[in-house]
Amino acid sequence: MAAAPKINTEPTFRDIDRSVLRVMEPAGLAYWAWIGFCFTLVGIGAAFWAHQIYAGLGVTGLRQPVMWAIYITNFVFWVGIAHSGTLISAILFLFRTKWRTAVYRAAETMTIFAVATAGLFPLIHLGRVWFFYWLLPYPNERYLQPDFRSPLVWDAFAVSTYLTTSALFWTMGLIPDIANAREAASGWRRKFYTVLAMGWQGTDRQWRHYSMAYLLLAGLATPLVLSVHSVVSWDFAMAQLPGWHSTIFAPYFVAGAIFSGVAMVVTLLIPMRRMLGIQDLLTEWHFDNLAKVILLTSLVVTYSYVTESFMTWYSGDPIEQMTFHMRYFGPWGPLFWMMVLCNCLIPLLLFSPRIRVNLVALWIISIFINIGMWLERFVIIAGSLRVNFEPSQWGTYHVTITEIMITVGAFAWFLGLFSLFSRFLPIISMTELKEGIVWLRKALKMDRVKAA
Amino acid sequence: MSAIAIVSSFADDAECAHAIEQLRVAQVGDFNTFSPIPSHRIEHAIGKKKSPVRWIVLAGGISGILTGLAITIGTTYEWRLNAGGKPLLSWPPFIIICFELMVLLGGISGFTSVLALARIPTAEIAPGYNGRFGEDRFGIVVHCDEEQAERIESMMKEAGAEEVVREGV
Amino acid sequence: MSSNPQQAHHERAATKPRPVESVVGNTMQKVATAMIVLGAAEFVVALSRGASAIAWQAYLVNLLFFLGVAQGAVVASAAFYLTQAKWGGSTPYRLGEAFAPFLWVGFFLFFGLYFGRSEIFPWVTHPIPQKAAWLNVPFLFARDGIGLGVMAAVSFAFIRASRGDDARAWSIATDDIELPPPSIRRLAPLLAIVYAVVYSLIAFDLVMSLAPVWRSTLFGWFFFAGAFWSGLVAMVLVATVLRGRLGEHNLFTNPVVMHDYGKMVFAFSVFWVYLVFAQYIVIWYGDLPVETFFIVQRVHHMPWSPLSVACVVLIWLIPFVVLMSVRTKKTPAILGTVSALGLIGMWLERYVLVVPSLSLDAIPFGPTQFFISIGFLGAFLLSAVPGLNRVAQAATSGEPVGDDAE
Amino acid sequence: MKKLDREKPSTPISRRSFIKLAATAGAAAALPGCEPAARKLIPYVVPDENVVPGVPSFFATTCAECPAGCGVVARIREGRVVKLEGNPADPIGQGALCARGQAALQGLYNPDRLAHPQLRGSDGALRTVSWDEAGKMLGDRLTAASKAGKDRVAFFGSPQGPTFQKIALAFIGAQNSSRAIFYEAINQEPARGAAKTLFGRRDLPTYRIDQAEMLISFGADFLETWQSPVELARQYSLFRTPQNRRGALSIGRATYVGPRLSMTASKCDDWIATAPGAQADVAWSVLNVLVKNGKVSPNSGFDLAALTKAVANFDPAATSARTGVPAETITALGEAFGKADGALAIAGTDDSSAHLAAMILNSVTGNFGKTIMFFEGSPAEDTSTPDEVDAAVDAMRGGEIDVVFIAGANPVFTMPAAARIAEALQKVPFVVWAGGVPDETAAMASLLLPAHHPLESWRDTAPRAGVRGLGQPVMQPVFDSRPVGDILLAAAAKSSSAKLPWTTTAEAVKAEWLALASKAESPDSEDFWTKVRREGGLFEEQHLAALTLDTSPFKAAVPTAAQMQLSVYAYPHIFLYDGRGADKPWLQELPEPVTQLVWDSWAEIHPETARGLGVGKDDLIEIKTEHGVIEAPVLVASTVRPGVIAVPIGQGHRAYGRYAKDVGGNAWAILAAGATYAEATARATGTKRALVTPLGNADMMGRSIVEAMSIEQLAAGVLPESHEEEVTGPYEMYAPWKYPGHKWGMTIDVNACTGCSACVTACYAENNVPTVGKDGVDRGRIMSWIRIERYFPNATEAAEAPQLYLAPMLCQQCDHAPCEPVCPVFASYHTEEGLNGQIYNRCVGTRYCENNCPYKVRRFNWFVPEWPAPLNLQLNPDVTVRGAGVMEKCTFCVQRIQFAELNAKTEDRELRDGEIVTACQQACPTRAITFGDSNDPASAMMRRRDDNKLRNYRALEELNTKPAITYLRDLYREKGKA
């Protein structure tokens, strides 16, 4: 029979706790330097945003007809990143997939911060951000309410729901682990964790309700993931604009989201397991499975590209064909082909089991995918706007420093938050890992499972 | 009530569950357990009904849908505005709003119901709790009075308890 | 369980299938044959009576439906391998492969369409210059013919591998995270990919091109997801039926297995409605005549709108509401009924996709279409007999079932 | 004043009532208008009895932006003029007003206008002086000069109407001088010359294109800058309206002969590309064809022999050899011209030979009195002859002049280098300049006097026989300025003892008009005075003049134009005219219709020639003639004949305010006196200057945005075939909405649209649309709510399509507006009257609406818009000024709709059809736009649709957006059909 990738089944429950809790011990200077660096960039980005609010959106490269570009691209990109988290933590949980246990906490954390980052961009791109709350229904003396027919309102609902729900899900998962941390820690940290643990003790009563609720939350999160990125895709598909208006967008964007998200998980985890010294918990086996998910979603995305192109050709509609002609061979054609390379071709390497477990290769591939998926959104959003129904109004877009700095700030914002978390809260779920180990031992026909 | 708490720790949820079954057969004292991971075996052994959380979540979800219908239809009719000739009652969009609210309220109710039912946040530590129970030991704490103590201790030992401690309360 | 698993595997692997004792044999064969005769006769009569249009519509609808069921089931089996499903030993695999022989039947029946082309494809009678490059008779029959051929070939290669000892041994080796045998690891993904491509093609050519102006990028996906689901429910239906006929010790009496089947029926019916909605809302919102007319004429336009609603009810609403609770999933009678209704719904869906393009203002359903459908059903059942016996045998062979369920 | 005050306006719309109004208001302004008062804002604590807050009043006056002299009605709100519109009573503008005329407002409110009298010190620096000081100094200088001898004082200015000319002459007379020069850079001297030779009269004929069946324009851009564009555009649109001619439905046939495909040329059937100056050759050749074909009407009085001799060397073949115009083209032209029942030839070149030929063409075909006519009592010539001008300049150069008073003209800019005017002015010890924004000439003046803008002063015009326009002040002066006439009279009074008939312009004008009263035999002069102010002038019957033909010119053979390797052709910019438009941001930002370029001047070069010169787009080239040098970026386009570099006149100011200064190059600088072209050499400077345009792509790609059909198709009743696949069966997703009351709609006749962009300017003025400057346009932030779409027919269409597709594109107010449902906050929604409403203060700026707008007519405020004071005084109080971060767009002038509906309500009556007139509709010289209620089948708008069913189309109809605007297809003549 085929040899499965290496799995570490040695650790005892105690080892697990040790290695996870060790990560949470006070950090060194390098770490704080990194954190400082991140939040400095965040500060710079914020300053540029402030100036943009003061001066007006004219400071961006946006123009007639490219009314959306980098900001919305970032929004979609980060929402997409978020999705893998929920996929791994909820969907795979329902499928009772075992390899998720070691990675899901990190993935889910990524989800939270990715959504928190994504959520900034709809605000940043608004012409009058100080009125953003008009997108939400609230009682007011003028009886003015949002138009629920607008995709942007669906977005507001979907994204905020997503943020809330995944935050709850994440918090629930954390509670038992924090209780563990509480036992291990001392001094102010102990107080800190004591508060966060909310007095969890793992009694049968607690576990009983906890497990049920966890299952149900997973059940809710699963369709939520589908809906959120579908809604995001509908921000575009609802328009008549060629290149935006396409029925395949919903599932295609969902697949793309998971694709980019899992790639981002890999991008983050591979260095992290090294830095945090948790190689024995995050093994080849985990990455092999992550790689398979990437491969699958990559194929789905490719299928969507092909279908779209075919349907455009088949439609015989000159306007739509012009849009796609420009997408392939126009001035931004290189972006498109770069995207094809990153999203369709390079991931094919993952058909080889050897590459799937070669972490260096896998990491590089995942980087390419991140780039490719960002480009995909940009090509779709800005690229389709450039070439519209009204040839006299075609016009191209040039990015400005403001947009670049705000984008950089947002990336720093995400990395900073994630790094903070990875040191202060258990980056790997001890509880679930223990469950996983139990299962593994059984699976591998090891003698009667002893926790010790 | 009972004066003594007998705390016994197990290395394995199977043994722990076994012990619990015996306790229930013997009908001595009342007990509660601690475990580092959720264990079906233990849950079976204790044999309580399924958690009511699922009904609360269901209720939450349904109320979410109703809220969705209320605000979409309500606001639409508050001001019957024509946008792009689309009908006032534009169901496809409304369905989306309802769905999101269903998930939102469902999720929130699920989370809060756990807090309520599992009695957290709480400051008090249950008698007999021990850090190891969060790490790698399954524990049973039996509350009983003097005369039963001996019997229970032996019962636990037979069941495979690594150590059995008697704590006065 | 055995102390030495490896050895156990080999023992099991050694037990070759017993000769087919017709659990589902003779009677069914007779009935099926009779149905085929009926259908064929009616078809001929219809053609001679000049009702050829109706006859060919029925022919196309049923071809699409039954091919979909047969292929969907095989793909389901492949999907089980990809997800390393162990909850039913080898039986779910056998069940998925049971209808495969119809793939070849369908492959040949497809070429029958050639003689009805002018009745079915509007662009044959009124060619469309812009689309002539794609919509022309030789190319269409060539590409789809090849597609279906490849599809069947890959399917059978896969089935052969899947029936092989290794695969069988793997499938019944409980508590094991080993991967399936290499042949499967190659063929299962290949099958899935070919399926997506070929069935998208079929969807575009045999359904979308009936309304040549219309287009929907999601349509191919929607079509093969539907076919997959129909295969799934067909399997579940068979499972619930066999359950009663295989004595008390068969796999299908295991509530855990039923629960798993139930979950799949539930999940993929939801996915189907998701795809429906994803197409509907985009077209509804976009308001482009070239897209809307297809929906309007089916969903908003009498006499078709009730049928469209019926599809959604049968394929999504009923499974969704009924199968939400664990108990119903575990109750074979309920699960079986839901699946049966689902199958009908799926047939109806194909019907609503195809026929309005050809007859907008009336539902041309009559004895002709009924009997032709019967004929196809007959062919389908007949070709399923040997497969079903394999299922019966696997289900009763008392294989251990992975305990990761629950 | 109080007496008249009672006749307050009810509605501005019906013509009669607002003319009445114009008079009252006019009277009201009469007094404040003529006293040199500093700008007053009206405090409502002490209300001015003429001003009711929120209610506009209207003044009839005249336009001074070009010699055409259209009548104008000024709309006043709270004492400020906020908009100029055509005066319907005036036979020239007939209620329409071109972009330049409307932009006069930005001349009035120009932030760079001279605020106080200024004196140039010995160091050349300017210092502000009081009017008294300035007056005294001027008086002294004049006294000295007139004492010094005869003709030592000169007046140099534009002819600002008969009365002003009298004042100027009186002034000069009082200075013991006769040097009064009335100068127009763009004048009709060649035409006058031709008239002189042929009929012995120097006045200009009146044209009736609409009476013709065929029109040949030898380089006359009559839709842009030639003579009276608004009037001629109106005539041309009638000429092009399909009508039954000799039993067949047809449109007038127009041919343009000239070096460049101007906007005018683009609206003609054919453009015969000739080298500049070769038009005359072709004209004579056409005449040759007529003569040969015996088309010379016997009673035309021509001596056939002489004629034959005159045109002898203009045989089509010969001409073809010289000009490169195919002989058969010329022959066909001649034959058609001869056949036509009513034909007209006009010439717009600088050589009188072409004018002469044109006039003879009209004459021999007996079209005088029909399509072209001279009237009794045509106004005396208004401009001085070139010789007079030269004489004066020479006198200056010769130091024979001590004081020159310059008003209303900018000779330093507009006079060709050849005239060496700058040099001449340096020789004049005391140059007085009176005007608005200090220009190049002011830069050379010793004394600068802020003069009233025409809209602030009394004036009159006499554009042609039977038409006298009366200009009255429409508001109090914006700056501390005075009427030029008053300055002259005051100066004269100070400087000499001569008895002057009047002391102020106001007085002079009134006196002049009361004199007219007797002619107009109206008993009560005050009634007459009220009447003419009400109607904005005196418009009388005209009587044909008896013409005496002088055939002498044919004794001598006519010279032919010289051949040139490379020539530069300078044409007046449609919006900047001779350069006076350059200080107005509206005009600078208005894309030139054919090139679509803004905020610059350019060198239009044919691809071949460009290849020859080795230059490409945006390459800055140096164009050199014997007279001078300019630089301009290259625009490679086939809209100009090979071997010709076409350069617009009007840019290249080195002064003249912030908007004009240092924009482009001055084409006047490379021309000979009175010439429009010159032999030139060009070389690349190696640097580039990007030409800026709001235009994205010039190819329409066969999309249904601007549609055209041939008159033959129309006659045959067949539609141009469409390539769309047909959707069969029902496809409507949603039930239609009900519009119980009004449902506003628009019909736009693309055939009538000339591209003149008057509608665009009107929209800027009416809706407070900000300008964004060159950089803004370049970054795709132009704000125009309505734009002129310009597309070139692509290769496949070229043979059969119009020369250019030109049509206004504005918000289509779609019933199924894609922009509306995507707005999350209902800022964009549909009103009960079918308007696509945009609620500015609800908009949060997601910009999704614009993304989803197929027509791309929505505009986003990227920054806070700015109107440097006092430009802000022009803002229309009825329309919100939008802040940053807000989307804006055309609303069918919802404020006008509201106003009319309110009036109807207060008067308790139904709204009348035509009561609401959108700004764009009002401005359109050719009436291409009709607005109305589509629920009312009898409305003019609906009737126009129904009467032209076959021509109806909707932009991008296949998107099912259901626009409220229906276009009528452009019409063209299938090539090779007579």
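Helices and strands here are DSSP runs, numbered from the N terminus; a helix is H or I over at least four residues, and a strand is E over at least two. With that naming, D:Gln94 sits in the loop between β3 (80–86) and α3 (99–108) of chain D. Its phi is near 50°, a positive value in a residue other than glycine.

The model is predicted: local features need pLDDT of at least 70, side-chain atom pairs count only at pLDDT 80 or more, and totals for chains, interfaces and linings use all residues. Residues are numbered from 1 along each chain as its sequence is written, chains are lettered from A and ligands numbered from 1 in the order in which they are written, and side-chain values use heavy atoms, leaving out hydrogens and water.

**Interfaces with chain D**

The size of an interface is often given as the accessible area lost when the parts come together. Buried area here is the accessible area (1.4 Å probe) that two parts lose on being put together, summed over both. Contact means heavy atoms within 4.5 Å. A salt bridge puts a side-chain nitrogen of Lys or Arg within 4 Å of a carboxyl oxygen of Asp or Glu. A polar contact is a pair of N or O atoms within 3.5 Å; within protein, one must be able to donate a hydrogen and the other to accept it, and residues adjacent in sequence count only if both atoms are side-chain atoms.

| Interface | Buried area | Carbon and sulfur share |
|---|---|---|
| Chain A and chain D | about 4,100 Å² | 55% |
| Chain B and chain D | about 1,000 Å² | 67% |

Take chains A and D. Here 48 residues of chain A are in contact with 54 residues of chain D. A:Met67, A:Arg128 and A:Glu390 lose the most area on the chain A side, together 15% of what that side buries. How many salt bridges are there between chain A and chain D? The count is 1. The side chains of A:Glu390 and D:Arg787 form it, at 3.7 Å from N to O. In chain A, α6, α8 (204–237) and α11 (318–329) each supply at least two residues of the side that touches chain D. By class, that side has 28 nonpolar, 14 polar and 6 charged residues. Ala, Val, Leu, Ile, Met, Phe, Trp, Tyr, Cys and Pro count as nonpolar, Asp, Glu, Lys and Arg as charged, and the others, Gly among them, as polar.

Now chains B and D. Contact joins 8 residues of chain B to 12 of chain D. B:Leu81, B:Asn82 and B:Gly84 supply 53% of the area that chain B buries there, more than any other three residues. The count of salt bridges is 0. Polar contacts link 7 residue pairs, both at pLDDT 80 or more. The chain B side has 4 nonpolar, 3 polar and 1 charged residues.

**Cis peptide bonds**

C:Met302 and C:Pro303 are joined by a cis peptide bond, with omega about 0°. C:Pro303 lies in the loop between α12 (289–300) and α13 (305–322) of chain C. Another cis peptide bond joins D:Ala869 and D:Pro870, again with omega about 0°. D:Pro870 lies in the loop between β35 (859–860) and β36 (887–888) of chain D.
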